[in-house]
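Q: I've just opened this one and would like to talk through a few places in it. Can you take me along, one spot at a time?

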Amino acid sequence: MTTPLERVNAVADAVLYEGYLLYPYRASAAKNRARWQFGVLVPPAYAAGGTGEHSVARTECLLEPQPGAVLHVRVRFLQVQARTGDGAVPVWDEAVERETDVVVALDTLLAEDLTLPITCPAGSFTDSEATRERFALDGQARLSARTLPGPYGVVRIRVDVANTSTWDSPHATREEAVRHSLVAAHTVLAVTAGSFLSLLEPPEWARGYAAECVNEHTWPVLVGGDETVLSSPIILYDQPEIAPESTTSFFDATEIDELLALRTLTLTEEEKREARCTDERARDLLDQVDDMPREVFERLHGALRSVRPVRGERAEPTEVTARPSTPWWEPGADTSVNPETDEIVINGRVVKSGSRVVLRPGLRRSDAQDMFLAGLQATVQGVFLDVDGDQHLAVTLDADPAAELQAAHGRYRYFSPDEVEPL
């Protein structure tokens, strides 16, 4: 039987190595010369130098405890080590996985804050091919818990992960500072006898508590149910999962596995040789792609799943009257729908093409930048139905000077009915 922390391992590992090494997986590639972009906690002296980096990440989340609740907190990060002497790459920074754990009864944490030391000593070792050097690294995980006022008994858990290293070099480069940093730092929290509340979609009674939580340089979400929280330096939604079709870590979750695999196969033998000499993980990646069975490639091509759970029974499909010789994907294929004349009722008011609305983007948006549109007024250009039977409103912004041009070219912004407020 797997524990809550074990169930989050796959997603947490993807966070740990996000951006570690990017296609074409060679040290000479420009995109692999500026590395370590996520969850970097630098020494305090370097952060204070106006570099734009930070040394502390704060996580706050909400817990509904039951009697005897126990917390398991795990801080994970990469420690950088410099590799030299193998002749292929003059200096290349690799990574070593680090974890620090603590298990504490909630009653104990409510009574007294807890500080968990993080220590990674310096050292070097040489094998037949290369020398690897690690640099001293010190940090802390500071834990606290507070019962919030009100009748619900909700507890706010805070975890501050800090780099406390005394390393200070006034003229150091970022590459040098990163060698004394916690890289891809993230926190996993699990509870026994209790459940965490979503900060993205909290129950109505907990919205005020959620709004008061302060999270700095990290993003806590529920994973694998409500017993576990992953506080990630990368923006995720609740219940993230690794696609079952994905069998290889390409270190780039914003790309498509199939595309990266095909691109990797196009590398020349010389390019592959350089990639294999760059990093052991790159070598494993290339070997997996070269040996990837055809059925795995086929699974990567064309997986389709809904972005939301199915609620209730789906109605039987109605008969579609198609125009002769019209492909199914063309808008005119189904004469039973017409975005320009179809209507939808929102808050008791009819909304259709020409209606004016106020945008209220939800938190579960595929485009995080839509949050900047909250409160803006827009005009509905059509009511659309997708293949899952869900309705969407195509709108243009009233304040956009190019709105008329956008509408003429059919370039709209799309929102679900619960993300707009009729004017």
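Q: Let's begin at the start of α9: what does the side chain of D279 reach there?
A: A side-chain oxygen of D279 comes to within 2.8 Å of the backbone nitrogen of R281. Helices here are DSSP runs of H or I with at least four residues, strands are runs of E with at least two, and both are numbered from the N terminus.

Q: Before I go on, what kind of model is this, and what went into the values?
A: This is a predicted model, in which local features need a pLDDT of at least 70 and side-chain atom pairs count only at pLDDT 80 or more, while totals for chains, interfaces and linings use all residues. Residues are numbered from 1 along each chain as its sequence is written, and side-chain values use heavy atoms, with hydrogens and water left out.

Q: OK, and what does the chain average in pLDDT?
A: The average is 88, with 89% of the residues scoring at least 70, pLDDT being the predictor's confidence in each residue on a scale from 0 to 100. Confidence is highest in strand β7 (residues 155-163), at a mean of 98, and lowest in helix α1 (residues 4-7), at 76. Over residues 311-315 pLDDT stays under 50, and the model has two contacts beyond four places in sequence for that stretch, where contact means heavy atoms within 4.5 Å.

Q: Back to α9, then: which of its residues are buried?
A: In α9, which covers residues 280-290, the buried ones are A282, L285, L286 and V289; buried means under 20% relative accessible area, exposed means over 50%, and partly exposed is in between, with a 1.4 Å probe and protein chains only. They lie on the same side of α9, because they cover an arc of only 95 degrees around the axis, the arc being that of the directions from the helix axis to the C-beta atoms. As background, an α-helix has 3.6 residues a turn, so residues three or four places apart point the same way.

Q: And what do those buried residues pack against?
A: They pack against α7 (257-265) and α8 (269-278).

Q: At what angle do the axes of α7 and α9 cross?
A: They cross at roughly 95 degrees and come within 10 Å, the axes being lines fitted to C-alpha atoms, for helices over the stretch in contact, with angles running from 0 to 180 degrees between N-to-C directions. The two helices, α7 and α9, are therefore roughly perpendicular to each other; on this scale 65 to 115 degrees counts as roughly perpendicular, under 35 as roughly parallel, over 145 as roughly antiparallel and the rest as oblique. On the α7 side the contact is made by A261, T264 and L265, and on the α9 side by L285, L286, V289 and D290.

Q: What about α8, which residues are buried there?
A: Those are K272, A275 and T278. Their arc around the axis is only 115 degrees, which puts them on the same side of α8. The buried residues of α8 pack against β1 (56-84), β2 (91-105), α7 and α9.

Q: Switching to Y25, what is it in contact with beyond its sequence neighbours?
A: Leaving out neighbours within four places in sequence, Y25 is in contact with N32, F250, L260, T264, A275, T278, A282, L285 and L286. Y25 is in the loop between α2 (9-16) and α3 (44-47), and with a relative accessible area of 0% it is buried. The C-alpha atoms of Y25 and T264 are 8.9 Å apart, although 239 residues separate the two along the chain.

Q: Is the peptide bond from Y23 to P24 cis or trans?
A: It is cis, with omega near 15 degrees, and P24 is in the loop between α2 and α3. In general, most peptide bonds are trans, and most residues other than glycine have a negative phi.

Q: Then how about A184, what is its phi?
A: A184 has a positive phi of about 55 degrees although it is not a glycine. It lies in strand β8 (residues 183-197), and at 3% relative accessibility A184 counts as buried.

Q: Last one: which side chain does E53 make a polar contact with?
A: The side chain of E53 makes a polar contact with that of R174, at 2.6 Å. A polar contact is a pair of N or O atoms within 3.5 Å; within protein, one must be able to donate a hydrogen and the other to accept it, and residues adjacent in sequence count only if both atoms are side-chain atoms. E53 is placed in the loop between α3 and β1.
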